[in-house]
Amino acid sequence: MRRANSTTRTSTGRQSTGSRNTDQNYHYIEGSAVRNLHAASARKEHDRPLYQIRSGIRVKAVPMNKGYIAVAVVAFVIVCSVLMGYVNLQSNITNHITTISRLESQLYEMKLANDETYTKIMSSVDLEEIKRIAVNELGMKYAKEGQVVEYTGEGNDYVRQYGAVPE
């Protein structure tokens, strides 16, 4: 195992215990130079691509066969077609919004032109000239006092006359 200690000490020597005088050589390494005892077995495990190690249990990796690839390709095509449909729909919505905006602008301009034309027509009409032509050229006369009959309707918006109005 590796330790975070940056110093490395190597020591050999004799260890004496009380009354016993035994020569015992020992060797220890401390620090970042400590060997990893499991390095050789780890290399062997990494050399096998078809196996994965998880908590000490070997699990065989699933190979990619033709069926798996076919399903992945079909799923990819479906996702791509859905995304292309979505982009096409967004494009159509944007085009429709642009068209609606352009048509609303044209409608506004036409309403302005219509109102302007109506104002010109109404300002060009001279009511005094119409009255003069009606009285002098067409022989129209004003109604006298006995000729005007007032009639009140019974809540209807218009009146239909089916016979002579009584005097």
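Which side chains meet in a salt bridge at 2.5 Å, N to O? Select Arg132 and Glu129: they are the pair. Keep in mind that you're looking at a predicted model. Arg132 and Glu129 sit three residues apart in helix α3 (residues 127-137), so about one helical turn separates them. Together, Glu129, Arg132 and Glu137 form a linked network of salt bridges. Colour by accessibility and you'll find Glu137 exposed at 57%, while Arg132 is partly exposed at 36% and Glu129 partly exposed at 33%.

Next stop: helix α2. Pick Lys120 and Glu116, which form a salt bridge with their closest N and O atoms 3.7 Å apart. These two are four residues apart in α2, so again about one helical turn lies between them. Lys120 is exposed, at 53%, and Glu116 is partly exposed, at 47%.

Stay in α2 and click Thr94. Its side chain reaches the backbone oxygen of Gln90 at 2.9 Å.

Now show the surface around Tyr68, also in α2 (residues 66-124). Met64, Tyr68, Ile69, Val73, Phe76 and Val77 make a nonpolar patch there of about 650 Å².

Finally, colour by pLDDT. The protein's mean is 76, with 59% of residues at 70 or more. Confidence is highest in α2, at 96, and lowest in strand β1 (residues 9-11), at a mean of 50.

Note on methods: Residues are numbered from 1 along each chain as its sequence is written. This is a predicted model: local features need pLDDT of at least 70, side-chain atom pairs count only at pLDDT 80 or more; totals for chains, interfaces and linings use all residues. Side-chain values use heavy atoms; hydrogens and water are left out. Patches are made of residues with over 30% relative accessible area and no salt bridge: like charges are joined within 9 Å, nonpolar side chains (Val, Leu, Ile, Met, Phe, Trp, Tyr) within 5 Å. Accessible areas come from the Shrake-Rupley method with a 1.4 Å probe; for residues, only the protein chains shown count as cover. A salt bridge is a side-chain nitrogen of Lys or Arg within 4 Å of a carboxyl oxygen of Asp or Glu. A polar contact is a pair of N or O atoms within 3.5 Å; within protein, one must be able to donate a hydrogen and the other to accept it, and residues adjacent in sequence count only if both atoms are side-chain atoms. pLDDT is the predictor's confidence in each residue, from 0 to 100. Buried means under 20% relative accessible area, exposed over 50%, partly exposed in between (1.4 Å probe, protein chains only).
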